[in-house]
Amino acid sequence: MPSVSASRCHLPRGGRQTHADPLSGGAVGRRLTGGITTPICDFVRAYAAKHPVRLHMPGHKGVGPLGVEALDITEIDGADELYAPEGIIAESEANASALFGVPTYYAAGGSSMAIRAMLLLALAHTGGIDGTTVLAGRNAHQAFISAAALLGFGVEWLWPKTGAAYHSCDVTASDVEAALEKLGGRCRAVYLTSPDYLGHIQDIVAIADACHRYGALLLVDGAHGAYLRFLRPSRHPMDLGADLCCASAHKTLPALTGAAYLHVSSGLDIDARRVKSALALFGSSSPSWLILQSLDACNPYLETLSDRLAVFLPELAALKERLTRHGYALTGDEPMKLTIKAREYGATGDALAAALMAKNIYPEFHDPDFLTLMPTPANVGDDLRKLEEALLAIPRREPLPQTALPFHAPARALSIREAAFTSRETLPIERCEGRVLAESALSCPPCVPIAVCGEVIDADIIERLRFYDIRACAVVR
């Protein structure tokens with residue numbers, strides 16, 4: 001089917017619109033047949049080039065201090081609507097769907113927005129939210145917690161192994177199966193993070209099989225793994241059996257912050273209109289057109305990403321090997337993430353980060369235990385060499401004592417929803433023992449709660465909060 005011209009006007013709000021499945025192409029999209037179009041970028045650039053009189057939002061009228069204002073538009077005639085696309089956005093999403101191999105939808109509010117939408121879709125698809133329990137890895141992002149508060153589903157946790165960091169939760173298919181057996185028919189969805197912030201990837205194939213044997217959908221927060229589809233072979237959750245998955249384009253692809261995807265298995269038979277409705281429930285009615293252009297511009301890049309990764313990843317793997325020989329201990333099996341277990345080198349992650357930043361090298365994440373670096377093929381030139389020289393210049397010392405605090409399941413006094421919507425007060429952590437958390441305790445990054453709202457704060461939780469330099473908590477009044 002021919003693509004729609006970039007000058008096509010969308011129907012006014014309230015008019016009849018089609019909601020085509022972006023994978024099949026439907027009314028406006030089409031399967032890729034060589035050459036990736038960028039209809040959103042083309043339209044906006046053509047509009048800006050006309051130097052129009054802008055009597056529409058935004059108020060900057062295409063001029064401003066950032067230099068990108070001319071490309072920042074709204075849903076003018078000829079453009080499209082993110083939550084009811086039938087023109088250039090529908091065509092661009094069709095391109096992305098063909099590249100990822102499953103129906104793929106744009107989110108301009110990051111994976112946080114997509115996480116909430118996919119939980120709504122999964123639970124609505126399996127019979128409704130009332131009385132439903134989601135089985136989730138404890139290293140779930142705060143967006144999962146907010147989804148539980150907003151939607152009201154119950155949560156049962158899969159806990160990290162003894163001694164594991166709170167931002168990781170490696171589980172096996174046997175762990176999932178045992179938990180599903182215990183929950184009986186109350187669990188309709190399993191929610192896991194893969195890859196996690198430290199670069200650990202779950203065995204999605206085996207876990208998906210276990211979920212499906214028990215009639216549960218597998219939802220994957222793949223925010224850190226948008227590029228996994230383009231490895232040879234693919235390691236993307238949707239290719240390994242997941243039912244729904246989100247991914248942040250901005251984390252590992254050349255996209256603006258806030259650019260994300262929501263992937264839905266074709267086997268679920270969830271109508272595109274329903275997906276868009278779920279995204280609209282959690283998104284702004286004025287999505288950023290800079291972000292939409294960024295997602296659109298990513299599609300030609302994705303077409304060549306396998307070749308780029310085939311060149312870049314061996315270089316990164318070789319760097320990891322040299323660092324290991326020098327004495328650095330690495331963790332995680334995600335190929336495009338470099339996470340150092342700092343204490344085994346005789347330093348803290350915070351100290352390693354400070355040494356790098358003194359040389360104008362900025363990491364993604366650091367804490368007392370870990371340093372996480374996220375290189376991509378966009379790190380051209382001398383970036384990896386500079387990183388290696390900086391790390392090798394740091395003297396190795398005697399390993400520091402391990403500080404991982406053992407996990408335990410805290411008592412739960414209220415549901416996540418009850419705690420999130422109750423009256424609260426903020427107290428220093430020294431005065432919080434025995435109180436009920438009203439707001440999950442976390443730092444960002446990694447935005448993974450150390451303790452979850454509704455749980456009773458005990459001495460162990462206070463010790464953990466103090467270790468991660470969290471000095472106050474919101475508690476139920």
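The questions and answers below concern a helix, the nonpolar cores and a sheet in this predicted model.

Q: At which residue does helix α9 bend?
A: Helix α9 covers residues 289–326, and a straight helix of its 38 residues would reach 56 Å at 1.5 Å a residue. Its end C-alpha atoms are only 46 Å apart, short of that span. A bend of about 55° is found in α9, and its place is Thr-304.

Q: Which residue has a side-chain oxygen that reaches the backbone nitrogen of Leu-290?
A: The contact lies at the start of α9. The oxygen comes to within 3.3 Å of that nitrogen, and the residue that supplies it is Ser-288.

Q: Which residue follows α9, and what is its phi?
A: The residue that follows α9 has a positive phi. The residue is Gly-327, with a phi near 120°.

Q: How many residues does α9 give to the largest nonpolar core?
A: The largest nonpolar core holds 131 residues. Among the members that touch the most others are Phe-144, Val-190 and Leu-253. The element that gives the most to this core is α9, and its share is 14 residues.

Q: How many residues are in the other core, which lies apart from the largest one?
A: This other core includes Phe-407, Tyr-468, Ile-470 and Cys-473.

Q: Which strands stand at the edges of the open sheet of four strands?
A: The order of the strands is β8-β9-β11-β10, with antiparallel pairing. Two of the strands have a single partner strand each, so one side of each is left without a neighbour in the sheet. These edge strands are β8 (330–331) and β10 (365–366).

Q: Which residue of β11 is the bridge partner of Ile-340, and which is that of His-366?
A: Strand β9 (residues 338–341) pairs with β11 (residues 370–373) over four antiparallel bridges. Two bridges join β10 to β11, also in the antiparallel sense, and these two strands form a hairpin with three residues between them. In β11, the partner of Ile-340 is Leu-371, and the partner of His-366 is likewise Leu-371.

Q: Are the residues Phe-370, Leu-371, Thr-372 and Leu-373 buried or exposed?
A: Phe-370 and Thr-372 point one way from β11. Leu-371 and Leu-373 point the other way.

Technical notes: Residues are numbered from 1 along each chain as its sequence is written. This is a predicted model: local features need pLDDT of at least 70, side-chain atom pairs count only at pLDDT 80 or more; totals for chains, interfaces and linings use all residues. Side-chain values use heavy atoms; hydrogens and water are left out. The expected span of a helix is 1.5 Å times one less than its number of residues. The bend at a residue is the angle between axes fitted to the seven residues ending there and the seven starting there. A polar contact is a pair of N or O atoms within 3.5 Å; within protein, one must be able to donate a hydrogen and the other to accept it, and residues adjacent in sequence count only if both atoms are side-chain atoms. A nonpolar core is a set of buried Ala, Val, Leu, Ile, Met, Phe, Trp, Tyr and Cys residues joined through side-chain atoms within 4.5 Å. Buried means under 20% relative accessible area, exposed over 50%, partly exposed in between (1.4 Å probe, protein chains only). Two strands pair if DSSP finds at least two bridges between them.
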